[in-house]
Amino acid sequence: MVYNYGIQSSYYYMSGLAVQIAVMSMVGIHAKKKIPQAHTSLELIELRYGKVVHILYLFLALTNNLLSCSSMILGASGAISIIAGNLHIVAATILTVFSVLCYSVYGGLKATFLTDFVHTMILLIILCYLNTAVLSNVGGLDALYDALVAFDESGVREIPGNYNNSVITGKSKGSILFGLILTAGNFGLSVMDSSFWQKTFSASPRATVPAYLTAAFLISSNVWPLGAIIGGAAIVLENSPSFPTYPRKMTQFEVDSGFVLPYALMATLGKGAVGALLLIVYLAVTSTVSAQMISVSSILSFDIYKKYINPTAGNKSMIAVSHIGCVIFTLGAAGFTIMLHYVGVNMTWFGYFYPLIICPGVIPLILSITWSRQNVYAAFISPILGIVFGFTVWTTTAYKLSGEVNITTLGGQLPALYGALTALFLPGISSLILSLAIPSEFDWSVLQTAHLLVKEKTDSSESSDESIALASQEKQEDDGKQEVLDVNSESNDSRESEKHAELEAQNEVFDKSQQLTPKQLDFWIKVSTGASVFILLIMWVLWPLPLYRDWIFSRAYYKGYATMGLIWLYVTMLVIGFGPLYSGRHSSAKIIKGVWNDYIRRRGK
C-alpha cells in the first residue's frame with residue numbers, strides 16, 4: 001500500500017487495526033458481566049433470540065472464520081512461494097495449513113495461546129532487526145528522506161489523489177480510502193470472530209480490559225515503521241540494479257500480491273533477511289489459522305453438536321467433534337484458497353471483498369450484548385439487509401464508475417468502500433429503527449443464570465476431581481494469551497490429563513471467586529468505552545485530518561514519524577515479550593519446580 005499510495009497509507013493501516021481491539025475490550029467486559037459462563041458469542045445469540053437467529057449467526061461466524069483464514073493463507077502462500085524460490089503455490093498453501101493442523105488438533109486452545117505468545121515474540125524481534133538494518137543500509141533517515149524527495153521531483157510515477165503526486169504527503173486519497181475499507185473489514189474480523197470471544201471468556205475478568213487496551217495501543221508497531229522505512233526504501237530502490245525486478249517495474253499483480261516487501265529486503269539485506277521474512281510470515285499465518293481452527297471447532301462442538309445433535313454430550317464426544325471439525329475446516333480453507341489462486345484473486349482484491357460478507361453482523365452482535373432493547377426482528381433482519389444491500393451497492397457502483405462489472409472493476413477502491421460501509425452501518429441503522437418501532441426489553445438475568453458449563457461424565461478412567469482441579473486452573477489465565485499449566489508431580493496418568501486439557505474452556509468449572517463485583521465491572525465498562533472513543537478520535541480525527549492538505553512532509557516530520565514508529569516497535573517487543581513472563585512468574589516457578597522434582601524422583605528410581 002505504501003508503494004501504491006505513499007507513506008501515509010502506513011498510517012491508515014495502523015489506524016485500521018487499533019480501534020476494533022479497543023471496541024472488543026468494551027464488548028468483552030460486557031460479556032463478562034452479562035454471560036460469564038459462555039464459551040462462544042453464539043450461545044448469547046441463542047439464549048436471547050432463539051433458534052432461527054442462532055442459525056443465521058452460525059452462518060455469519062463460520063463464513064467469517066473461512067474468509068479470515070483464507071485471506072491470511074492467500075497472502076502468505078503467495079509470499080512464501082516467491083521467497084522459497086518459486087515454490088508451487090499449491091504446495092505452499094498445503095504445507096502452511098497442514099503444519100498448523102498438527103499442533104492445533106493435538107494442543108487445542110492451549111496450543112494457540114502458547115504459539116500466539118512465542119510467534120509474536122519472534123516476529124517482533126525480527127521486525128526490530130529488519131527495520132533497523134534496512135534503515136542503516138539506505139544511509140539513515142536523512143538519506144531516505146532525500147531519496148523520497150528526489151523521487152517526487154523526478155516525476156517517474158503519477159499517483160492520482162496525492163498532492164503533487166508525492167509519496168510523502170498526508171493528502172492521499174488512495175491511502176484514506178484503503179484505511180476506511182480496512183477499518184470496516186477489521187471490525188468484522190474481530191467482533192464476528194469467535195476466537196476473540198474465546199480469549200475473552202478464558203481470560204480473568206480483571207485482565208480483560210487491560211489486555212485488550214494494551215494490544216490496541218501496541219498493535220500499530222507492526223506496520224508503522226515497516227511502512228515508513230521499508231516501504232519508503234522499496235519506492236526509491238525500484239530503479240536500482242540491486243532490485244530483483246530491475247530493469248523492469250513491478251507489475252500491479254506483484255504489488256497487490258504482497259511482493260514489495262520481499263523484493264525490498266532482497267535489494268537491501270540479501271537472502272538472509274528474506275529468510276527471516278519467510279519465518280515471520282509463516283509464524284503470523286499459523287497463529288491466525290490456528291485460532292480460526294479452534295474457533296470453528298468450538299462452534300461445531302458447542303453450537304451445533306451439543307445444541308442440536310447431542311444435548312447430553314460429555315467431554316470425550318465433544319473433543320472428538322472438535323478434532324473432526326478442525327480437520328474438515330482446514331481442508332476446506334486450503335481448497336478454497338487454492339481456488340482463489342486459480343481464479344486470479346490476490347490478497348488486495350480479497351481484502352476489499354470480504355467486508356461485504358463479514359461486516360453485516362457486527363453492530364447487531366455488539367448491540368446484543370450492550371443494549372437490552374434490540375428485539376429479535378432487528379437481530380435477524382438487519383444482517384440480511386446488510387449483505388443484500390452491500391453487494392447491491394458494490395456492484396452498481398462498479399458499473400456506474402466503469403461501465404461494466406468484472407473482477408477488475410469490482411476490485412476498485414470506491415465500489416469496495418461504498419459496499420463495505422453499507423454492509424457495516426446499514427444493519428446498525430435498521431436495527432435501531434426496528435427495535436424502536438417494536439419496543440421490547442430483555443432481562444439480562446436470563447444470560448447470567450443460564451447453565452452453559454459442560455458436566456464431566458464420571459468414568460473409570462477419568463477422575464472428576466482431577467478434571468475440576470485442572471479446569472479451575474484453566475479459568476485463572478492471566479490475559480487470554482498466557483495459560484496456566486497443571487503440574488502434578490504425584491500423578492502418573494499424564495495422558496488422561498492432556499485429554500482433559502484439550503477441552504480447556506469447554507470443560508471449565510465456573511469459579512465465582514474470580515469474578516468482579518457489579519461496581520467493578522461497571523468501572524471497567526466505562527474505562528473501555530472511554531478508551532474506544534479516545535482511540536477513535538486520535539487515530540481518525542486529531543492526527544490524520546490536519547495532514548490532509550496541500551503539504552509535503554517536512555524532514556523533521558518524516559524523521560519524527562519514522563523514529564516514533566521504531567520506538568513503538570521496540571517498546572512493544574519489551575512489553576509483549578516480558579510482560580506475560582512477569583505476570584506468569586508464579587506459574588513458571590511451579591512448572592520448573594514440578595519438572596525438577598519429577599526428574600529427581602525418576603533419577604532415584
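Buried residues are those under 20% relative accessible area, exposed ones are over 50%, and partly exposed ones lie in between, all with a 1.4 Å probe and protein chains only as cover. Helices are DSSP runs (H or I, at least four residues), numbered from the N terminus.

The model is predicted: local features need pLDDT of at least 70, side-chain atom pairs count only at pLDDT 80 or more, and totals for chains, interfaces and linings use all residues. Residues are numbered from 1 along each chain as its sequence is written, and side-chain values use heavy atoms, with hydrogens and water left out.

Helix α12 spans residues 260-268 and is mostly covered, with seven of its nine residues buried. The buried residues of α12 are Val260, Pro262, Tyr263, Ala264, Leu265, Ala267 and Thr268. Just after α12, the backbone at Gly270 adopts a positive phi of about 90°.

Another glycine, Gly179, lies in helix α7. Gly179 counts as buried because its relative accessibility is 0%.

## Packing of α7 against α17

Helix α7 (residues 173-191) packs with helix α17 (residues 362-370) at an angle of about 45°, and their axes are 10 Å apart. This angle makes α7 oblique to α17. Here the axes are lines fitted to C-alpha atoms, for helices over the stretch in contact, and angles run from 0 to 180 degrees between N-to-C directions. Angles under 35 degrees count as roughly parallel, over 145 as roughly antiparallel, 65 to 115 as roughly perpendicular, and the rest as oblique. The crossing of α7 past α17 is left-handed, a term for a near helix turned anticlockwise from the far one by less than a right angle.

## Backbone features in loops

The loop between α6 (141-154) and α7 contains Asn164, and Asn165 is found in the loop between α6 and α7 as well. Phi of Asn164 is near 60°, a positive value in a residue other than glycine. Asn165, also not a glycine, has a positive phi of about 60°. Asn164 counts as exposed because its relative accessibility is 56%, whereas Asn165 is partly exposed, with a relative accessible area of 31%.

A cis peptide bond joins Tyr246 and Pro247, with omega of about 10°. Pro247 belongs to the loop between α10 (224-237) and α11 (252-256).

## Salt bridges

Side chains of opposite charge can pair when their charged atoms come close. A salt bridge is a side-chain nitrogen of Lys or Arg within 4 Å of a carboxyl oxygen of Asp or Glu. A search of the whole structure finds nine salt bridges, among them the pairs tabulated below.

| Pair | N to O distance |
|---|---|
| Lys33 and Asp522 | 2.5 Å |
| Lys559 and Asp142 | 3.3 Å |
| Arg601 and Asp598 | 2.4 Å |

Lys33 and Asp522 form a salt bridge between their side chains. Lys33 lies in helix α2 (residues 8-34) and Asp522 in helix α24 (residues 518-542), so the pair ties together parts that are 489 residues apart in sequence. Lys33 is partly exposed at 24% relative accessibility, and Asp522 is partly exposed at 31%.

The side chains of Lys559 and Asp142 also meet in a salt bridge. This pair links distant parts of the chain, with Lys559 in helix α25 and Asp142 in helix α6, 417 residues apart. Lys559 is partly exposed, with a relative accessible area of 28%, and Asp142 is partly exposed at 34% relative accessibility. A network of salt bridges links Asp142, Asp146, Arg555 and Lys559.

Arg601 and Asp598 both lie in helix α26 (residues 585-604), three residues apart, about one turn of the helix. An α-helix has 3.6 residues a turn, so residues three or four places apart point the same way. Arg601 counts as partly exposed, at 28% relative accessibility.

## A nonpolar surface patch

Met564, Ile567, Val571, Leu574, Val575, Phe578 and Leu581 form a nonpolar patch on the surface, with about 590 Å² of accessible area together. Patches are made of residues with over 30% relative accessible area and no salt bridge; like charges are joined within 9 Å, and nonpolar side chains (Val, Leu, Ile, Met, Phe, Trp, Tyr) within 5 Å. Accessible areas come from the Shrake-Rupley method with a 1.4 Å probe, and for residues only the protein chains shown count as cover. Met564 lies in helix α25 (residues 555-583) and counts as partly exposed at 36% relative accessibility.

Terms used. Helix = DSSP H or I, 4+ residues; strand = E, 2+ residues; numbered from the N terminus.
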